[in-house]
Amino acid sequence: MRSASLALSVALMLAVPSTVRAADVKPLRTLTYDVSYTLQTSRDTHVSGLTGGDLHTTESGRAAVQRGFTSTDYGRLQIDVIAAPADGTLVVDAAYSGRESVQPAIRIAIFRDGTITYDPKRLLSAQARRIVPLLSRGILADRDVSAGASWTTPLARPATGNTTYRVNQRQESRVTLAIVADFTVPGPSGYEEHDDGTTTYALDVLCPVTYDGRFRVRQQISPEQLESSDSRVTATLVSDSFTPRT
């Protein structure tokens, strides 16, 4: 099933050149989210007890040097649904326009388990990367969505770990889900990640209405260097062509 979906997604990516704007392809559905994003990163470098400052000064007695930065952004994420194959995958074009960054439309295939794939030559924004998987058509399929229900799903390789979903509340066609993920990605560029999120999800139109996610990533760059990043993404659905608002 996955190989067939992947073949479809690749075909769809190749069918539309990168020079063609998303607006030139009539979507089946368009969703627009207001999104805020914050990122704090730091890199801890373990050093000897004696380090040089400039030509005339030194520091002694410190075990580590820490450097980092903080960034924030606010903008709009537009997701155009291009295809909804019978196998449960979804093909979308996602574009982000913010105060600090802009990401042109990128074609993405979303699998039933929430895994996504897209042209590796393109740079997908953190905003899209966190929101788009929530449109997976399998995220709540065949699940008990009564208040208090929960389930756990393994993450796709090469990651090792799982995601746990818990239904905190249900009111008619809306459920509030807590989503927690803990996983490790092995390899030279490997890292550990912990995610904590909450979403209000519309069961009737299969999409998140609101989302608040926090993400902590730790990566051992070298025996002496540890890189950490803490980010937060919040999103609110402001328009949906399936449910036009007045």
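When I say helix or strand, I mean DSSP runs, H or I of at least four residues for helices and E of at least two for strands, numbered from the N terminus. Please keep in mind that this is a predicted model, where local features need pLDDT of at least 70, side-chain atom pairs count only at pLDDT 80 or more, and totals for chains, interfaces and linings use all residues. Residues are numbered from 1 along each chain as its sequence is written, and side-chain values use heavy atoms, with hydrogens and water left out.

Now, on to strand 9 itself. Strand 9 (residues 160–171) runs antiparallel to strand 10 (residues 174–185), and 11 bridges join them; two strands pair if DSSP finds at least two bridges between them.

Which other backbone angles are worth a look? Most residues other than glycine have a negative phi, and most peptide bonds are trans. D142, though, has a phi near 60 degrees, and sits in the loop between helix 2 (126–131) and strand 8. D142 is exposed, at 80% relative accessible area. L206 has a phi near 55 degrees, in the loop between strand 11 and strand 12 (207–222), and is partly exposed at 39%. For those labels, buried is under 20% relative accessible area, exposed is over 50%, and partly exposed lies in between, with a 1.4 Å probe and protein chains only.

Let's finish inside. The largest nonpolar core has 42 residues, with Y33 and I79 making the most contacts within it; such a core is a set of buried Ala, Val, Leu, Ile, Met, Phe, Trp, Tyr and Cys residues joined through side-chain atoms within 4.5 Å. Strand 1 (residues 29–46) gives the most to this core, five residues. Leaving out residues up to four places away in sequence, I79 touches Y33, V92 and L135, among others, where contact means heavy atoms within 4.5 Å.
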